[in-house]
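Hello,

Here is the structure for you to look at. My notes on its aromatic rings follow below.

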Amino acid sequence: MLKYCLKLNAFILLLTLFWLTTTAGFAADKKGVLKAGAATSNITPPLGQLIVGGWKPIPATQVHDELHARSIVLDDGQTRLAIVLCDNVGIPESVFDLAKEQAHKATGIPKSHMLLASTHTHSATTARGPSKVIRETELTEYQKFLANRISDSIRRALFQLEPARIGWGKVDEPSEVHNRRWFVNDTSLLTNPFGGIDRVRMNPPRAHKALDRPAGPTDPEISFISIQSLDQRPIALLANYSLHYVGGVRSGEISADYFGYFARIITGKLNAENQYPPFVGILSNGTSGDVNNINFTEKNGRRYKQYEKMQEVAEKVASRVQEAHQKITFHDWVPLGAATTSLPLKLRKPTPEMLEHFAKVTSAPKDKSQTRHSREEIYAERIAGLKDAPDEIQIPLQALRIGDLGIAAIPFETFTETGLELKDRSPFAETFTIELANGSFGYLPTPEQHRWGGYETWLGTNFVEKDSSTKIVSTLLDLFQSLKNEQPSTQTK
């Protein structure tokens, strides 16, 4: 009897070991292997095309530094994601959609799993059509070229896939972010091109006696994702900072601004030069629709040479990232996910008062002695361009999951308040937003900012209903929650 019991116990032990080994193997198979690849494609346009960063477009006469589409592809064994940042002021949804369609046909990556965005450099030539809210059906040669190069960069990044590990972190750099919207106590600084008076002024005169207080917060946080090979060779780094752009270029010159400088500087700081495959450094724009790096309380700041300030800012951001990079934890595998939806938003329409005002502007003879708002003619043209606009448009919204990191994608120049709210309410441990992603539909003030007025709220700068930011935040939080609840094994490449 004792001999029989011993044999039975031994048999049970063997079965237990077999079960544990089998389930462990199943768990390993389910977990899979994280892979990553990165690549860049040159998207510099021909000279002569229009640079649109200022009030009036000017033709490009020289290339100071080349423009790029910088791509990362991630694969967790179940799901593939592609993230691409393009050196451009704003790319319309139609161009991004063409790039996604081409990349999907070539790679099989679902279009919903591709996050394509612009950096918002103000010294790149335009990829926009005549309207931000009327979808284009015929693309220009540069728009077609741009879509091709974006899709090429995804294909090339996919070709570089290799087993990898990933980590993320954050660090503050408050010195280069200042809210550019101010309450001021002088109505002469608050006129608008619609014949009215605002409460808030964008970019007021520096150190002016009428300055009261900034009209909103800033977000000093630099978020970043770092990807390495299993032997710790840097593959790519994607950072995110809520600073509009820097500027300081020569007139007519093409430049990627501080986004391009960051890509080069972070490569050196991570000792990733002269390697193959090449390291790809990327800086994305956070929620910076109301933020620049001008301290309006200072009367006379330092005078910078052209391109000097953008290099300084890029060096500062890259240095902070390098410091924080030494403390992050890398993971051999994390679950990936993507969720997308289209949100219907009503378009704002010109009021009868606006139409009457601009009818007078366009019909009145130009009298140099008459005091008029300097942007009246520009906004008369923008308002006229809305006559064929639809009543409603569909806005693409997207959320990505990388482990316990969430990334929101918004196709607007988004106010910092919105980004801070998403960070605060997100179900993920860490969250950041990439603006001008998957489209470019103008500015996105909050409802309260709309009540205060100012450039970013003017019809022709903003186009969608005034509570759009509230609807967008709610929708993105739902997408985040769906990703948080999703089981990795249910996702598809």
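In which helix do Tyr142 and Phe145 both lie, and how many residues apart are they? Both are in helix 3 (residues 141-159), three residues apart, about one turn of the helix. Helices here are DSSP runs of H or I with at least four residues, strands are runs of E with at least two, and both are numbered from the N terminus.

This is a predicted model, where local features need pLDDT of at least 70, side-chain atom pairs count only at pLDDT 80 or more, and totals for chains, interfaces and linings use all residues. Residues are numbered from 1 along each chain as its sequence is written, and side-chain values use heavy atoms, with hydrogens and water left out.

Rings of Phe, Tyr and Trp (its six-membered ring) pair if their centres lie within 6.5 Å; planes under 30 degrees apart are stacked, over 60 edge-to-face, and the rest tilted. By this rule there are 13 aromatic pairs. One of them is Tyr142 with Phe145, which is tilted, at 5.9 Å centre to centre and 35° between the planes.

Buried means under 20% relative accessible area, exposed over 50%, and partly exposed in between (1.4 Å probe, protein chains only). Tyr142 counts as buried because its relative accessibility is 4%. Phe145 is at 32%, so it counts as partly exposed.

Phe428 and Phe480 form an edge-to-face pair, 5.6 Å centre to centre with 80° between the planes. This pair links distant parts of the chain, 52 residues apart: Phe428 is in the loop between helix 8 (416-425) and strand 22 (430-435), and Phe480 is in helix 10 (residues 468-485). Both Phe428 and Phe480 are buried.

Regards
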